[in-house]
Amino acid sequence: MKKINLLAIMLLCGLTAFSQAVKDRSVIPVAVNLNQVLRLSITNGGNIEFVFNTIDDYKNGLSADGATPGAGIYKTDFTVASSTRWKLTYGAEQTTFIGTDNPTNTLTLNNVGFKLVNNGINTFEAAGSLIGATPAASLFSTPTKNASQVSALMVYPEDLIADNNTINANAGDAADNSFTLNWRAGTAETSTVALHSLNAVKLIDQKPSPRPDRYVVNVLFDLVME
Amino acid sequence: MLVNLSLHINLFVNRPCVNSILRFVKAFAILILLFLSNGFAMSQEWNSARLTVFYGSSIPFNFNSLDKIKNGIEVNLGTQIGISMADSSKVGHKLEGFVLNFRSFNGQTNIKGDVYTLPLNRLRVKAENALGLESGHSFGYKDLTVDWVTLFSYSNLTWTNLTWVNDQLKISYECGKPVSKGGNGSLIGESPDYYNVEVEFELVPIGPGF
């Protein structure tokens, strides 16, 4: 009887194993090729020149944020288009301004500074917050305390704007990442970021007094994928 | 002339020997029965089914502008496939239609680049009637996953066999569509690389007994 049962089970196994519906399969490879897009465009204010020609200029300084008519000429507008998270590094090419009439004449970089203004859709982390504190914010700036304070001009390289390391990348097109640098010179403004305040002594009070000259320095900008 | 041949053989065997012969005969009978049953079962195909790829056996997405990276790319009619399906009229099995499923091939859990990876759901697939399957139902764009997901179903209670010439589906693909446009997120912020995934399609018959 046991053998008959065994036989019946084996017969059923044979039927189960081979009697089934016919399916078919096909495989299609799909490839995604991501090319890097990374572009920095300075759309306005590629050459900034401060001209001190009155005592008031020496006393108060010149600023894009000042009430003086024509202050808008001290502005630099730039945009970033990037398909990836990015970082913008900037800084002066030399450690001081150098006189063009007499190269031995120098002026410290911290006589010039700027305030960073965000015009784009991407937003900065809250001023004073740690990086990544606000998930919706995608931009972070240490030297300007997230675009809330002025910063003196620093020597290259200095990280100006970086990704906020949240789920919202700072990647985007020119509408997402549009900024203005409001330049100033001799305004003696202070910043809570260490070493980033402008020269506390105005040009008229400095000792020795800066010699009359045309002082120049190149400011470099470098956009990199983060 | 009549020739009468008679042969008489007398075997004298003891009882243990008879038992061993009987066991041998039984074992032989079982083997024969198994062989016959398996042979009979292998011939029981309830239907036939075949997918035929007409074109689009490899789909490339080339993201070479910020606009494409922000808004994604849709490849309409990337692949066209023919459906062949016939009922073998086996008792107890009545073919009434089919479903087309898809998944990532070989359990691949992400879209693999040379260095980086993308989530599978950045790729979405849709199947629609191209020819002869107007009464079928398209489930629209579906996320690519490691599990089977149904893209298209077709049923016809008065079944007529389908042929790849007259019954075809078109497969569309979209990659990197932002959430605001119904996708799973754009590829903005993703690292440049050459990503690859294989998509597996399965044609499954349906009906009583299947």
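Predicted model: local features only at pLDDT ≥ 70, side-chain atom pairs only at ≥ 80, totals over all residues.
A:Asn164 counts as buried because 28 C-beta neighbours lie inside 10 Å, where the cut-off for a buried residue is 20 or more. Next, display the contacts of A:Asn164: leaving aside residues up to four places away in sequence, A:Asn164 touches A:Glu125, A:Ile131, A:Gly132, A:Ala137, A:Ser138, A:Leu139, A:Phe140 and A:Asn170.

Now turn to an open sheet in chain A, whose three strands follow the order E7-E6-E13 with antiparallel pairing. Its edge strands are E7 (106-108) and E13 (215-216), each of which pairs on one side only. Select strand E6 (residues 96-99) of chain A: three bridges join E6 to the antiparallel E7(A). Within E7(A), A:Thr106 is the residue that stands opposite A:Ile98.

Finally, bring chain B into view. Here 32 residues of chain A are in contact with 56 residues of chain B. On the chain A side, helix H1 (2-18) and strand E1 (24-34) are the elements that give two or more residues; E1(A) gives the most, with eleven residues. The residues on this side of chain A comprise 18 nonpolar, nine polar and five charged.

Select E1(A) together with strand E2 (residues 59-63) of chain B: the two run parallel and are joined by five bridges. To end the tour, centre on A:Leu34, whose bridge partner in E2(B) is B:Phe63.

Key. Residues numbered from 1 in each chain as written. Chains lettered and ligands numbered in written order. Buried ≥ 20, exposed ≤ 12 C-beta atoms within 10 Å, placed from the backbone. Contact = placed C-beta atoms within 7 Å. Pairing = 2+ DSSP bridges. Helix = DSSP H or I, 4+ residues; strand = E, 2+ residues; numbered from the N terminus. Nonpolar A, V, L, I, M, F, W, Y, C, P; charged D, E, K, R; others polar.
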